[in-house]
Amino acid sequence: SGLTCVTAAQIVSSARSPQGYQLFIDAFDEARNINDLSLLSTINQVVKQNALNMLGISCRIADWHNNYLENLTDHIPSPRIFELLPLSLEQQISVLTQEDYGYIKCPQDFIKQAQTKGFHELLGNPQTLMLHAKSVKSSAGEFPDSKNQAYDLACKQLLREHNHVHDAQLSSEIVRWQAAGWLASIALLADSPLISTTLSIPSEINESQVTNLSQLELPAHQSQNGFNREVLLEILRSRMFRSDNGLYSFTHRSVAEYMAAQYLANELQVGNLSPNRLASVMLFQGFLINNLRGLAGVLASLNPEMKAYLFQADPAAVIDYGDLTLLTISDKEELIEIFASHEQTDYQWGRWSNSAQYQPLADGSMQDFISQWLCERLISNSDNDKKYIVAEVLLSAILSQPKSEYWSALLAQLIQNPEIPPVTRQRAVKVWLVHEGDSEKRANMINWVYQNQQYDPEKEMLGRL
C-alpha cells in the first residue's frame, strides 16, 4: 500500500514525480547501457528537480552500475543498488507449477532439458522463464535445441492467434514474422521502443522514443509478399506486444532483439542490406552504439559478416547476449582473444561470475584451448590484467558444464599453482568442488591447502573447501 506504479517515460518527463517521494526503478538493465550516461543524467535531473530523498534501482544484468554509481551520488548520498539474483531452482519449480505461468507437469524435467540444451540461464529470469514455459506447453511439449531455437519457438507462439479460426483469417505466419522483425529492427536501431499507430502522442511522452507507423515507409521489396500496414496492425494486436495509453511495445526487450536480429540476418543473406551499411548504423568510431548490445549479441551469432564487425566492436556483448552454441570452435577462440585485449573489457567484482550463458565456451571441443589459457597464459609475463577477466569467464563456463574428470584434474592443477593469483585460485576451488565428488580427493585437497597456507594467507580457499 502507498505505492504508485508509473512508467519510465512518466518519470523522465517529471509528470509523475511529486516532491519528497522515494523513487524505486525496477529492471534498469532493460536499457542495455554500458558507457552512456544520458539516462542516468536524466534521472539525476528528475531527482534534483523533485527533491526526491531516496532512490533504489534494481537490475539483473549489472554491467553498468559500477560506472554509474558515482553519478548517482550527485544528489542522493547513498543510492541503493539491488542486483537481482537469478531465480533459484526452488523458485523456478514454484513458477513452473503455477497455472497462470504455464503449469509444466514435470518442472524438474523441463529444467534438466534446458540445462542439457545449454540455455538454462533463460530460466533465471521470471519473464523469460514464463515465456519459454508457455511456448513449450503450447507446442505439445516440443523442446528447443538451443537458445536461438527457444526464442524462435516462443516468438512463433506469441504471433499466433489462440483461436484457430481467427488465426486462419490473418496474414500468413511468414509475413507476420517478417513484419514483426522489421518493426523490431526499426524500433531498436532508432532507439524508439514505443510504437504509435496515430499522430497523437500523450503529452508526457518524449516523441523521440516513439516509432510512428503512419510516418514509416514500408520496404518495397516486401510488398510482393503481402507485407502491408494491415499486417503491422495484426501483429500489434498479438501477444508479442502490450498496449499502454495508446502506445505499443514488445512484451520483452529480448523478444524484440531476437526478432530484429532474425530479420536483419535474413536481409543481409539475400542481399537487401549490406554489412557496411548496417555497421554504420550500429557502430560509432568502431564501438557499438549504446542500447544495441542485446541485438548485436544475437546478430553476431546469426550472421558471419556482421560477426566480424561486432566481435571487434564489443566482444562482451556477444558473450553476454549471443547464442554461443551457434559459434564454431575458431569463432569462440577468436572471440575470447579479442575480449582479452579489448579496451572496454574491465574488471568488476562478480560481473563475470556464475553466468550459465557462458557454458558453450567450455564444451568438449574447447578443452585444449581453455587448458592453455588457464595453465599457461595466466602465468605469462604479460602485465595485462584482462587475462584474469578471461579466466573468470572460462571458470564460469566450466562451472555450468556437466561433472567431468577432465575439468576436475585441470582445476586441481590450477588451485595448486602458486603462480596463479589467489583470487583466481579461490574461484577455481568453487568450480572444482562442483566437478569433484570423490571424498578422498577432496580430503587430499584440504590437506594440501592446509599444509601450504603461505599460498592461502587469508584462508579463503581452506574456508571454501
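This report describes the fold, selected helices and several individual residues of a predicted model.

## Overall composition

The protein contains 22 helices and nine strands. Of its 465 residues, 51% are buried. Contacts between residues at least 6 apart in sequence are made up, for 67% of their number, of pairs at least 24 apart.

The structure has zero disulfides.

Helix α11 covers residues 253–270. Just after the helix, Gly271 adopts a positive phi of about 90 degrees.

Leu268 is one of the residues of α11. Its relative accessibility is 5%, so Leu268 counts as buried. Setting aside residues up to four places away in sequence, Leu268 touches Leu273, Ser274, Pro275, Leu278, Asn303, Glu305 and Met306. Asn303, one of these partners, is 35 residues from Leu268 along the chain, yet their C-alpha atoms are separated by 7.9 Å.

A further pairing across the sequence involves helix α16, which comprises residues 329–341 and includes Ala340. Ala340 is buried, its relative accessible area being 6%. The C-alpha atom of Ala340 is separated by 9.9 Å from that of Ala316, a residue 24 positions away along the chain.

Helix α18 is formed by residues 386–399. Since 13 of the 14 residues are buried, α18 is largely enclosed by the rest of the structure.

The axes of α18 and helix α20 (residues 422–435) come within 10 Å and cross at roughly 10 degrees. The two helices are therefore roughly parallel to each other, the angle being under 35 degrees. On the α18 side, the contact is made by Tyr388, Ala391, Glu392, Leu395, Ser396, Ile398 and Leu399. The residues contributed by α20 are Thr424, Arg427, Ala428, Val431, Val434 and His435. By type, the residues of this contact comprise eight nonpolar, three polar and two charged.

## The crossing of α7 and α9

Helix α7 (residues 147–159) and helix α9 (residues 173–189) have axes that come within 11 Å and cross at roughly 105 degrees. This angle lies in the range of 65 to 115 degrees, so α7 is roughly perpendicular to α9. Asp152, Cys155, Lys156 and Leu159 of α7 meet Glu173, Arg176, Trp177 and Ala180 of α9 in this contact. The contact residues divide into four nonpolar and four charged, with no polar ones.

| Helix pair | Axes come within | Crossing angle | Residues of the contact |
|---|---|---|---|
| α7 and α9 | 11 Å | roughly 105 degrees | four nonpolar, no polar, four charged |
| α18 and α20 | 10 Å | roughly 10 degrees | eight nonpolar, three polar, two charged |

## Loop residues with positive phi

Most residues other than glycine have a negative phi.

Asp191 is not a glycine, yet has a positive phi of about 55 degrees. The residue is found in the loop between α9 and β4 (194–196). With 39% relative accessibility, Asp191 counts as partly exposed.

Gln285 likewise takes a positive phi, near 55 degrees, in a residue other than glycine. Its position is the loop between β8 (283–284) and β9 (287–288). Gln285 has a relative accessible area of 67%, which is over the 50% limit, and is therefore exposed.

Key: Residues numbered from 1 in each chain as written. Predicted model: local features only at pLDDT ≥ 70, side-chain atom pairs only at ≥ 80, totals over all residues. Heavy atoms only, no water. Disulfide = S-S within 2.5 Å. Expected span 1.5 Å × (residues − 1). Buried < 20%, exposed > 50% of the residue type's maximum accessible area, 1.4 Å probe, protein only. Axes fitted to C-alpha atoms, helices over the stretch in contact; angles between N-to-C directions. Parallel < 35°, antiparallel > 145°, perpendicular 65-115°, else oblique. Contact = heavy atoms within 4.5 Å. Nonpolar A, V, L, I, M, F, W, Y, C, P; charged D, E, K, R; others polar.
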